[in-house]
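Work through the exercises below with the sequence and the model open. Each task is followed by a stepwise solution.

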Amino acid sequence: MAMNAPFDWRAYDRRLFLLVALVFPITILIGFARTYYLRFAFDTPPIPSVLVHLHGALMTTWIAFFIAQVWLIRSKRQRTHMKFGMLGVVLGIAMIAVGFLTAVAAAKYGSTSTPPGIPPLAFLAIPIFDIVLFAIFFGGAIYYRKRPATHKRLLLLTVLNFLPPAIGRFPIESLQSFGPLFFFGVPTVLTIGLLIYDTRRNRKLNWVFLAGAIVLIASYPLRIMLAGTDLWMGFAAWLTTWAA
């Protein structure tokens with residue numbers, strides 16, 4: 001190849017998102033195998049409510065949807081990809097609504113997903129931030145749907161945003177002992193690495209991707225610092241009044 005040949009960013013994008021489409025479901029499966037997907041093989045308490053089942057089903061559907069969309073782009077079926085995207089909008093809205101209700105119900109009634117020693121109202125900050133960031137990144141992806149490079153990177157941020165809950169459930173005690181340094185640290189390193197790699201390979205910085213990465217990474221210490229404050233505890237208690 002000539003040194004001055006133009007960079008094929010579309011081929012690069014297809015390879016990058018193929019890798020993400022492979023690693024993402026594997027990470028989710030490992031994290032949630034014992035408590036959801038393969039709970040029949042472990043001594044796991046039954047899922048407490050229909051709401052949790054619905055939340056899990058929507059999340060699983062989102063993973064399948066993401067993989068399908070990546071496959072459609074790789075198959076050069078852009079029109080089908082765009083039409084199928086309307087289903088993604090409905091799915092995304094449902095995930096936000098059900099995710100919020102599930103998180104608030106867990107804070108009010110308790111949940112096995114709440115780490116020992118942490119008040120449920122304080123822990124509510126973690127999933128609430130996840131839901132808000134997903135709404136921001138997914139909403140941005142819809143807004144930039146006619147700018148493929150930015151659209152894809154905002155969807156990539158939704159994937160990175162979903163990693164901590166799965167990583168935090170990895171059945172490796174030596175890693176779990178690091179706490180937030182592990183389950184927030186891994187997505188932070190991945191986000192920074194992808195941003196640097198993307199900029200070098202694409203030969204330019206995507207400013208929306210940078211802004212989203214900063215928001216995502218900054219949210220990790222912010223939610224930890226906010227969780228134990230009187231301000232948050234009062235707000236969380238108010239949210240739980242909505243739960244039946």
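**Exercise 1.** How many residues has the largest nonpolar core, and which have the most contacts inside it?

*Solution.* The model is predicted: local features need pLDDT of at least 70, side-chain atom pairs count only at pLDDT 80 or more, and totals for chains, interfaces and linings use all residues. Residues are numbered from 1 along each chain as its sequence is written, and side-chain values use heavy atoms, with hydrogens and water left out.

Step 1. A nonpolar core is a set of buried Ala, Val, Leu, Ile, Met, Phe, Trp, Tyr and Cys residues joined through side-chain atoms within 4.5 Å; buried means under 20% relative accessible area, with a 1.4 Å probe and protein chains only.

Step 2. The largest such core has 42 residues, and Phe-24, Trp-62, Phe-66 and Met-95 have the most contacts inside it.

Step 3. Helices (DSSP runs of H or I, at least four residues, numbered from the N terminus) that each supply at least two core residues include α1 (9-37), α2 (50-74) and α6 (148-167). The largest share, 10 residues, comes from α6.

**Exercise 2.** List what Phe-24 touches.

*Solution.* Leave out residues up to four places away in sequence; contact means heavy atoms within 4.5 Å. Phe-24 then touches Met-59, Trp-62, Ile-63, Phe-66, Val-159, Phe-162 and Leu-163.

**Exercise 3.** Describe the overall build.

*Solution.* Step 1. The protein has 11 helices and zero strands.

Step 2. Its radius of gyration, taken over C-alpha atoms, is 19 Å, close to the 18 Å of the globule rule (2.2 Å times the number of residues to the power 0.38) for 244 residues, so the protein is as compact as a globular protein of that length.

Step 3. Buried residues make up 40% of the 244.

Conventions:
Buried means under 20% relative accessible area, exposed over 50%, partly exposed in between (1.4 Å probe, protein chains only).
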